[in-house]
Amino acid sequence: TKAVTVTSLQAMRNSGEKIAMLTCYDASFAALMDRCGVEVLLIGDSLGMVCQGHDSTLPVTLDDIAYHTASVARGNQTAFLVADMPFGSYATREDAFRNAVKLMQAGAQMVKLEGGTWLAETVRFLTERAIPVCAHIGLTPQSVHQFGGYKVQGKTVEAADQLKADALALQAAGAALVVLEAIPSALGKEVTELLTMPTIGIGAGPDCAGQVLVMHDMLGVFPGRKARFVKNFMEGQNSIEAAIRAYVAEVKKQSFPGPEHCF
Ligand code: KIV
Ligand code: NA
């Protein structure tokens with residue numbers, strides 16, 4: 001199969017084919033997910049919770065993400081690799097550039113940063129310097145202490161308008177992808193239609209251009225409280241490979257997420 005690129009992801013968005021994305025942290029799962037047709041693998045800072053046992057993503061370091069990115073890159077053949085910029089690694093655009101270079105050199109093909117309009121100049125600084133960017137808005141877990149918990153975002157008219165303005169500013173600054181986390185489905189649909197770049201939802205409704213889940217969540221491994229947007233794809237399957245294939249199939253035919261997974 002042909003390698004997934006920013007160009008092929010944009011073509012999928014334009015043709016309406018849904019993009020299947022999962023988090024991935026090691027070479028064995030990278031090879032398996034790639035074989036199952038997952039188009040995008042995210043080396044997420046969620047590894048702080050699911051791999052390291054922390055209760056937030058804040059303790060994750062750049063070296064942690066670089067280590068897991070290199071592992072995933074060795075196992076992967078055709079999927080597109082996005083690596084999270086950890087908490088505190090992109091406070092200035094110069095910091096962001098220097099740190100993003102390390103992740104790209106570890107094997108990432110794009111970096112993901114959490115934040116709205118304030119980040120636009122950083123996104124421009126990176127994209128001008130050949131570092132593709134995935135934005136992340138809505139419930140941005142690195143801001144958990146500012147939000148006062150993991151809460152659905154964009155629920156008031158003002159918050160929804162701000163989120164739409166943020167999405168447009170990030171796209172104008174050169175972002176090629178955006179993750180929408182924990183927002184009402186109607187807002188996920190609106191933002192998806194407003195933008196030309198693909199939107200990837202996690203708790204953002206079925207109308208996003210693609211979906212993402214944390215692999216431990218969709219395999220029913222993570223012991224914590226299950227978020228509303230999570231579905232355990234091991235149910236009814238007898239192997240991890242079958243569960244991942246079921247996830248890809250349900251994303252493609254838009255039967256995941258169902259109303260029970262949405263806000
Ligand atoms: O770190 C992560 O796993 C993420 C996804 C949930 C989008 O950022
Ligand atoms: Na993340």
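Trainee: Why is Lys112 called buried?

Mentor: A residue is buried if 20 or more other C-beta atoms lie within 10 Å of its own, exposed if 12 or fewer, and partly exposed in between, with C-beta atoms placed from the backbone. Lys112 has 24 other C-beta atoms within 10 Å, so Lys112 is buried. A caution on the source: this is a predicted model, where local features need pLDDT of at least 70, side-chain atom pairs count only at pLDDT 80 or more, and totals for chains, interfaces and linings use all residues. Residues are numbered from 1 along each chain as its sequence is written, while chains are lettered from A and ligands numbered from 1 in the order in which they are written.

Trainee: How do you know what confidence the chain has?

Mentor: Look at pLDDT, the predictor's confidence in each residue, from 0 to 100. The chain averages 97, and 100% of the residues score at least 70. The model also scores ipTM 0.99 and pTM 0.98.

Trainee: Where does Lys112 lie?

Mentor: In strand 4, residues 110-114. Strands (E, at least two residues) and helices (H or I, at least four) are DSSP runs, numbered from the N terminus.

Trainee: Which residues is Lys112 in contact with, leaving aside neighbours within four places in sequence?

Mentor: Contact means that two C-beta atoms, placed from the backbone, lie within 7 Å. Lys112 meets that cut-off with Val82, Asp84, Met85, Cys134, His136 and Val179.

Trainee: What makes Asp45, Ser46, Asp84 and Lys112 a group?

Mentor: A record does. The UniProt annotation "binding site", from an unreviewed entry, covers these four. They span 68 residues in sequence, yet no two of their C-alpha atoms are more than 12.5 Å apart, so they gather at one spot. Be careful with such records: positions follow the numbering used here, feature names are shortened, and annotations may be inferred rather than shown by experiment.

Trainee: Which residues does the other "binding site" annotation cover?

Mentor: Asp45, Asp84 and Glu114, again from the unreviewed UniProt entry. These span 70 residues in sequence, yet no two of their C-alpha atoms are more than 11.0 Å apart, so they too gather at one spot.

Trainee: Is Asp84 buried or exposed?

Mentor: Count its neighbours. Asp84 has 32 other C-beta atoms within 10 Å, so Asp84 is buried. Asp84 lies in strand 3, residues 80-84. Not counting residues up to four places away in sequence, Asp84 touches Ile43, Gly44, Asp45, Ile65 and Lys112.

Trainee: Why does Asp45 count as buried?

Mentor: Asp45 has 28 C-beta neighbours inside 10 Å, so Asp45 counts as buried. Its place is in the loop between strand 2 and helix 3. Beyond four places in sequence, Asp45 touches Thr57, Val60, Ile65, Asp84 and Pro86.

Trainee: What makes Ser46 buried?

Mentor: Ser46 has 22 other C-beta atoms within 10 Å, so Ser46 is buried. Ser46 lies in the loop between strand 2 (40-43) and helix 3 (47-50).

Trainee: Which residues are around ligand 1?

Mentor: Thr23, Leu42, Gly44, Asp45, Ser46, Asp84, Val179, Ile202, Val212 and Val214. The test for being near a molecule or strand is a C-beta atom, placed from the backbone, within 6 Å of it.

Trainee: How many residues of that shell are nonpolar, polar and charged?

Mentor: Five are nonpolar, three polar and two charged. Ala, Val, Leu, Ile, Met, Phe, Trp, Tyr, Cys and Pro count as nonpolar, Asp, Glu, Lys and Arg as charged, and the others, Gly among them, as polar.

Trainee: Which residue does the "active site" annotation cover?

Mentor: Glu181, according to the unreviewed UniProt entry. Glu181 is found in strand 6, residues 177-181. Glu181 has 24 other C-beta atoms within 10 Å, so Glu181 is buried. Leaving aside neighbours within four places in sequence, its contacts include His136, Ile202 and Gly203.

Trainee: Which members of the largest nonpolar core touch the most other members?

Mentor: Cys24, Val38, Leu41 and Val178, of 84 residues. A nonpolar core is a set of buried Ala, Val, Leu, Ile, Met, Phe, Trp, Tyr and Cys residues joined through C-beta atoms within 7 Å. Leaving aside neighbours within four places in sequence, Leu41 is in contact with residues including Leu22, Cys24 and Met33.

Trainee: Which residues of helix 6 are buried?

Mentor: In helix 6, residues 120-128, they are Ala120, Thr122, Val123, Phe125 and Leu126. The buried residues pack against helix 5 (93-106), strand 4, strand 5 (133-138) and helix 8 (157-172).
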